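Q: Could we go through this protein model together, one kind of feature at a time, so that I learn how to read each one?

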Amino acid sequence: MKRLFLISLLAALGGCTSVQYNGSPSATKDVDYPPLGKEVTAYVGDHMVEKGIIYEEQVLYVKQRVDGALYDIPRKSYRQVGFDEKKDFFSATGVIRGALSDPIEALAVGKEQGSQVCVITTLGGSSCYDADYERRGRVSETRNSFQQTLIYSGRVGSKINIGYREFSNNTARPAFNNEVEYDLSESKRIGYKGAIIEVLEADNSSIRYKVLRNFPG
């Protein structure tokens with residue numbers, strides 16, 4: 001117990017770190033698939049048409065659990081909460097504190113490749129560990145991404161089945177989902193919510209088509 005207290009004291013004396021809460025550098029991705037007029041093949045379950053906007057945020061993905069003397073860092077993704085010139089700061093939700101360890105405020109990782117992952121305490125101290133991790137992007141939890149898509153569901157006789165889905169932050173919105181049936185003996189051109197598709201060939205496993213107009217922007 002004395003050893004743990006000494007380690008905690010040394011960590012606290014190792015220099016104060018001020019956690020920044022200025023968010024995550026976000027990237028905006030416009031989704032508009034496929035290009036108009038291009039022949040495309042989709043298989044049952046594939047997305048035929050996609051339109052929307054996705055906001056990405058940075059996360060720290062710890063690939064293997066870190067068992068530290070003072071803190072354990074489980075294998076998971078930690079959302080970025082801020083940054084400064086030298087470090088990136090991440091939410092510490094899920095990090096496990098030892099019985100004699102100071103309360104946790106955040107995780108910090110230096111911008112240099114191979115930097116240790118540090119647990120920052122509410123007192124400004126830090127405990128740093130070697131870890132197997134990577135920085136990656138994921139759909140933002142704080143900004144509302146939105147996407148519309150048509151999905152191929154196969155053919156029976158002269159009729160094809162298309163599913164319509166709306167996604168908000170990568171989660172389907174069931175109230176806006178629909179299944180639509182089209183009779184190709186009546187027309188090879190089909191449409192839904194403003195999107196228009198020309199069907200070139202279709203069977204129960206795949207469809208070859210061209211998008212003439214995507215969902216309205």
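A: We can begin with Arg135, which lies in strand E12, residues 133-139; helices (H or I, at least four residues) and strands (E, at least two) are DSSP runs, numbered from the N terminus. Please keep in mind that this is a predicted model, in which local features need pLDDT of at least 70 and side-chain atom pairs count only at pLDDT 80 or more, while totals for chains, interfaces and linings use all residues. Residues are numbered from 1 along each chain as its sequence is written, and side-chain values use heavy atoms, with hydrogens and water left out.

Q: Is Arg135 buried, exposed or partly exposed?
A: Buried means under 20% relative accessible area, exposed means over 50%, and partly exposed lies in between, with a 1.4 Å probe and protein chains only. Arg135 has a relative accessible area of 32% and is therefore partly exposed.

Q: Which residues is Arg135 in contact with, leaving aside its neighbours within four places in sequence?
A: Contact means heavy atoms within 4.5 Å, and with those neighbours left aside Arg135 is in contact with Gln58, Val59, Asp88, Phe90, Val109, Gly110 and Lys111. Two of these names return when we look at polar contacts, each a pair of N or O atoms within 3.5 Å; within protein, one atom must be able to donate a hydrogen and the other to accept it, and residues adjacent in sequence count only if both atoms are side-chain atoms. The side chain of Arg135 makes such a contact with the side chain of Asp88 at 3.2 Å, and the Arg135 side chain also reaches the backbone oxygen of Gly110 at 2.7 Å.

Q: What is the order of the strands in the open sheet of four strands?
A: In general, strands of a sheet pair through backbone hydrogen bonds, either parallel or antiparallel. Two strands are said to pair if DSSP finds at least two bridges between them. Here the four strands follow the order E2-E19-E18-E17, and their pairing is antiparallel. The edge strands are E2 (39-43) and E17, each of which pairs on one side only. Between E2 and E19, which run antiparallel, there are five bridges, and Val40 has Tyr209 in E19 as its bridge partner.

Q: How many strands form the open sheet that includes E5?
A: Three strands form that open sheet, in the order E4-E5-E8, again with antiparallel pairing. Its edge strands, each pairing on one side only, are E4 (66-67) and E8 (96-97). Strand E5, residues 71-73, pairs with E8 over two bridges, and Tyr71 stands opposite Arg97 in E8.

Q: How many aromatic pairs are there?
A: A pair of aromatic rings is described by the distance of the centres and the angle of the planes. Rings of Phe, Tyr and Trp (its six-membered ring) pair if their centres lie within 6.5 Å, and planes under 30 degrees apart count as stacked, over 60 as edge-to-face and the rest as tilted. By this rule the count comes to two aromatic pairs. The rings of Tyr164 and Tyr192 have centres 4.9 Å apart and planes at 45°, so this pair is tilted. Tyr164 lies in strand E14 (residues 159-168) and Tyr192 in strand E17 (residues 189-192), so the pair ties together parts that are 28 residues apart in sequence. The rings of Tyr164 and Phe215 have centres 5.8 Å apart and planes at 65°, so that pair is edge-to-face. Tyr164, Tyr192 and Phe215 form one aromatic cluster.
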